[in-house]
Each structure stands twice: as structure tokens, then as C-alpha cells.
Amino acid sequence: MAQDSTGVKYTYVNARDLSILGQSSTVRDSGFHRIDAAQRPSLPKAVAGLATNSAGISVSFQTNSKSIKLRWRLAKYNTLWNMTPAAVNGLDLYGWNGKEWQYMATARPSKEQNEHLVINNLDGQLRHYRVHLPLYAAAEEVHVGVETGSTLQKADARFLPTRKVVIYGSSITQGASASRPGMAYPAILSRQLNLDVYNLGFSGSGKMELALAEVLGQMDADVYVLDCVPNPSPEQIRERAVPFIKRLRELKPHTPILMVESVFRESTPWDQEKRQHDTRQNQEFRKAYEQLKQEKFKNLHYLPAKDLPDYDHEGTIDGSHLSDLGFTRVAPHVGKALKKILPKK
């Protein structure tokens, strides 16, 4: 039990005792990591490090407390030039308003150990809440604090989606450069479509190594989304895409796979070499899809760049990574494709 400067006493509950979404059952670490410690040694070094980041993981609960505090410990307080501290290290609080998840507030990070009164003066009704964890830092512990004597318990079943989607990709998938954790497009999809989304975006490192197919194939998924074109070279896509998807299909014979082309970078219309590179990336990915279809692969779907949002050149932070505006434009297009593929449950 803790007491703040106003005299209000708070009781803290470990988030592990509440409802966790966005973390596969294959992850048995004590922290909020995306790939289990036992699997990480077989992965490329960069992927193994990024796999400890908490991107896509959230905590759901219900409480009638009139205020909510959050306490969390990071393995390391990280900084990135093209992202806010809130997105990298902070927590987002959403509330269910009776129709949808509505953003409420962000818990401000400042160091490895953080505590923040994120919302106050609530009406005291029993309501559902969701906390999105940091995108580019490893949350090792998270505790939810409510006023002592109030109710704090796991979310009702209707707020715990049964359909699971694994999204494997690049820094854009991981969440660069959303302003806060809840604005990464996998998080947007999780709220809008009521999905349990596993965010396996690895900044600069989503390159379709077979070791990642092994990891993905062990996860429980209703759909796999491969949004990994931005990182590998055209030559790597030519070499790796077909073997990667074939191995994933061996591990999960009946699970639909959605292949997503890369959005174009803002320098592409101007930089001739970049234009050729980006165009070839998508072309090689398309060739892989066409080859697999010719080989009679079932449940294989494709989302071309032309079906992603129309560009007015204002949707990125740095010409490559999406802003909140870019993510809110991308999410409905990926969501539309998912709704056609997802099983009805």
C-alpha cells in the first residue's frame, strides 16, 4: 500500500495478475518480452535484442477506482531521435466508453523506475481499461495502482479477444514513429477489430531469416501478416521470401498468410537510386507470391502498395517512419484485408 501527497492510499497489483494481451503463450519470461529467452540465442543478434522490447503488449483490467496510478520498471531508459520518450518508454491508458476504446492519458516516463498518476477524478463506476506498454524499451515489471478499497480485477471475457494475429515486420510494424504506444498500427488494429495482436516488428531487422519462421510457427495464430519488405534488400527477398513462407506453411499448414508490400519512402520520387531499390523490393515480394500461388499454395493473400493509403506526403516523421497520421491511414487498409481472411468467432 502506498500513499500520495494528497493522502489518498493506493494498492498496487502486478499486471501479471490481470489480463495480458499481445504476448504469445510461447513467451515464458518474467518480463514483458515478445520472444522467449530460450529462443533468442538462435536469432540474429539485433532481433534477439529487440525481442525484449514490449511493443504490442497490453494489460486489460476493470476497476471502480476514482484514480489510476501506473508503476513500471524498464530494463533501460532508451532514446531515439525520431520518436518521443512517451512512445519509447511510456504507457498509454485507454478506457472503454461503451462503444470503443478511447484514449485517456499517457503515463510519463523519466528513468528506468517510473510511477505516474495517469488519471484522476473518475466517476467511480466499474469500467474496463487497457494499458499499452512501451514500443522500444523492455518493461520488466508493471503494476496498476488503484485507490485502496476499490475493485481491481481481470477484464471480462468479452474484452479478451479469441482471434490472434501475428504481424512480422520492420520498424514500422514495431511502431516507429508513433507519438505514443497506442498509436502503432498493430495496436490500432487490436482495438478496432478486437484482436489479440502479436507485434513482431524488429527495427531494421525484419529480414525473413528462417529462424524467425521457426519462432512464428510456434505461435498460436489465426492469421500471419508478413509486413517485412522494408528491411531486406531485393536480393534477400528473392532468396528468402519463398523458403521463409514454405517453412511457415510447414509449421502451420492451414493458417492464412497475408503478404503486405512496403509503402514507398518520401525520397523515392526524387532519389532515382532509391526509387529503383524500393520498386524492386516490392517486385521481388510479388514474384514470391506468384511463385507460391503457381505451386498451389492455399490461404495465401496479398496486399499491394497501391491498396495502402493514398499519399499526400504528410504521413511520416522522417520520410520513412509513419507518424500518428500515417498509422491511422495504414491501419484501416490492413484491417480491411484482415477482415476478409479472419475466421468468424
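Modeller: Before we start, "buried" means under 20% relative accessible area, exposed means over 50%, and partly exposed is in between (1.4 Å probe, protein chains only). This is a predicted model, where local features need pLDDT of at least 70 and side-chain atom pairs count only at pLDDT 80 or more, while totals for chains, interfaces and linings use all residues. Residues are numbered from 1 along each chain as its sequence is written, and side-chain values use heavy atoms, with hydrogens and water left out.

Biologist: OK, how do you know that F202 is buried?

Modeller: Its relative accessible area is 0%, under the cut-off, so F202 is buried. Y168 also comes out at 0%, and therefore counts as buried.

Biologist: What makes W101 and F159 an edge-to-face pair?

Modeller: Their ring centres are 5.6 Å apart and the planes stand at 65°, so the pair is edge-to-face. With W101 in strand β7 (residues 101–107) and F159 in the loop between β11 (152–154) and β12 (164–169), the pair ties together parts that are 58 residues apart in sequence. W101 is buried at 11%, and F159 is buried at 5%. Ring pairs also bring W96 into a cluster with W101 and F159, and the structure holds ten aromatic pairs.

Biologist: Why is helix α4 (residues 185–192) called largely enclosed?

Modeller: Seven of its eight residues are buried, so the rest of the structure largely encloses α4. Among the buried ones are Y185, I188, L189 and R191.

Biologist: What makes N194 stand out?

Modeller: Most residues other than glycine have a negative phi, and most peptide bonds are trans. N194 is not a glycine, yet its phi is positive, about 55°. N194 is in the loop between α4 and β13, and at 35% relative accessible area it counts as partly exposed. M208 has a positive phi of about 65° although it isn't a glycine either. M208 lies in the loop between β13 and α5 and is buried at 1%.

Biologist: Which peptide bond is cis?

Modeller: The one from A176 to S177, with omega near 5°. S177 lies in the loop between α3 (171–174) and α4.

Biologist: Last one: how do you know that α5 and α6 are roughly parallel?

Modeller: The axes of α5 (residues 210–217) and α6 (residues 234–251) come within 9 Å and cross at roughly 25°. Axes are lines fitted to C-alpha atoms, for helices over the stretch in contact, and angles run from 0 to 180 degrees between N-to-C directions. Under 35 degrees counts as roughly parallel, over 145 as roughly antiparallel, 65 to 115 as roughly perpendicular, and the rest as oblique. The two helices are therefore roughly parallel to each other.

Conventions. Helix = DSSP H or I, 4+ residues; strand = E, 2+ residues; numbered from the N terminus. Phe/Tyr/Trp six-rings, centres within 6.5 Å; stacked < 30°, edge-to-face > 60°.
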